[in-house]
Amino acid sequence: MKPGDFLFSRRMRQNHALEHATVTILSRMVPDLRVSARATTDGFLMFGSDVDLGVLRRAAEEALQRLQAGEAELAIHPNCGTNLAVGISLVTIGTMLGFASSRTRTRVTSTVLSSVAGLLAARPLGELVQKYVTTLPDLRGVRVTEIRRRKIFGFQVIEVRTAQE
């Protein structure tokens with residue numbers, strides 16, 4: 001069992017990898033793309049700009065094929081929320097450690113330094129967390145089954161559904 005299996009299901013991690021790869025490829029097809037996405041156990045949801053569903057399908061299919069061909073690096077995305085969560089966690093821990101000092105000068109200096117160190121480490125550590133915990137680029141037997149627009153709480157989203165064969 002992998003570390004990520006304790007926190008996230010295999011399907012969620014696979015869909016998270018496909019989501020990242022799809023957004024990466026889609027952003028090359030649509031240069032002014034502004035979207036965010038969220039993996040689910042059934043696929044992923046895309047929020048943001050009005051994406052042509054045909055272009056999105058081509059991007060998702062290419063992403064799936066490339067991940068299945070071994071391009072695991074497509075599963076890691078620099079703008080993933082995992083990086084943000086890791087960064088916030090590191091800054092919080094740094095701040096707490098800084099406040100642990102009994103001397104005011106030491107407390108301020110160590111709080112600032114540890115928080116800055118946390119910010120600098122956020123992206124590389126976040127990408128490691130993506131690689132080993134929140135994504136799984138092994139998409140053998142996965143296929144894209146449906147792409148459609150729908151409304152969720154009054155907001156239009158695009159739903160990309162996947163299935164495991």
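A polar contact is a pair of N or O atoms within 3.5 Å; within protein, one atom must be able to donate a hydrogen and the other to accept it, and residues adjacent in sequence count only if both atoms are side-chain atoms. At the start of helix 3, a side-chain oxygen of aspartate 52 comes to within 2.9 Å of the backbone nitrogen of glycine 54.

Some ground rules. This is a predicted model, in which local features need pLDDT of at least 70 and side-chain atom pairs count only at pLDDT 80 or more, while totals for chains, interfaces and linings use all residues. Residues are numbered from 1 along each chain as its sequence is written, and side-chain values use heavy atoms, with hydrogens and water left out. Helices (H or I, at least four residues) and strands (E, at least two) are DSSP runs, numbered from the N terminus.

Let me stay with helix 3. The expected span of a helix is 1.5 Å times one less than its number of residues. For the 16 residues of helix 3 that gives 22 Å, and the end C-alpha atoms are 22 Å apart, which agrees. Just after helix 3, glycine 70 has a positive phi of about 105°.

Which residues of helix 3 are buried? They are Val55, Leu56, Ala59, Ala60, Ala63, Leu64 and Leu67, where buried means under 20% relative accessible area, exposed over 50%, and partly exposed in between (1.4 Å probe, protein chains only). They cover an arc of only 170° around the axis, so they sit on the same side of helix 3; the arc is that of the directions from the helix axis to the C-beta atoms. On the other side of helix 3, Arg58 and Gln65 are exposed. The buried residues pack against helix 2 (10–29), strand 2, strand 3 and strand 4 (155–164).

Next, the core. A nonpolar core is a set of buried Ala, Val, Leu, Ile, Met, Phe, Trp, Tyr and Cys residues joined through side-chain atoms within 4.5 Å. The largest one has 25 residues, and Leu18, Leu26, Met46 and Leu56 touch the most other members. Helix 2, strand 2, helix 3, strand 3 and strand 4 each give two or more residues to this core, and the largest share, seven residues, comes from helix 3. Leaving aside residues up to four places away in sequence, leucine 26 touches Leu33, Met46, Val51, Val55, Leu56 and Ala59; contact means heavy atoms within 4.5 Å.

Last, charges. Side chains of opposite charge can pair when their charged atoms come close. A salt bridge is a side-chain nitrogen of Lys or Arg within 4 Å of a carboxyl oxygen of Asp or Glu, and the count here comes to twelve. One of them joins arginine 149 and aspartate 50 (3.2 Å, N to O). Arginine 149 is in strand 3 (residues 142–152) and aspartate 50 is in the loop between strand 2 (43–48) and helix 3 (53–68), so this pair ties together parts that are 99 residues apart in sequence. Arginine 149 is partly exposed at 31% relative accessible area, while aspartate 50 is exposed at 67%.

Glutamate 159 forms salt bridges with arginine 150 (3.2 Å, N to O) and with arginine 161 (3.2 Å, N to O). Glutamate 159 is buried, at 7% relative accessibility; arginine 150 is partly exposed at 32%, and arginine 161 is partly exposed at 26%. Salt bridges link Glu146, Arg148, Arg150, Glu159 and Arg161 in a network.
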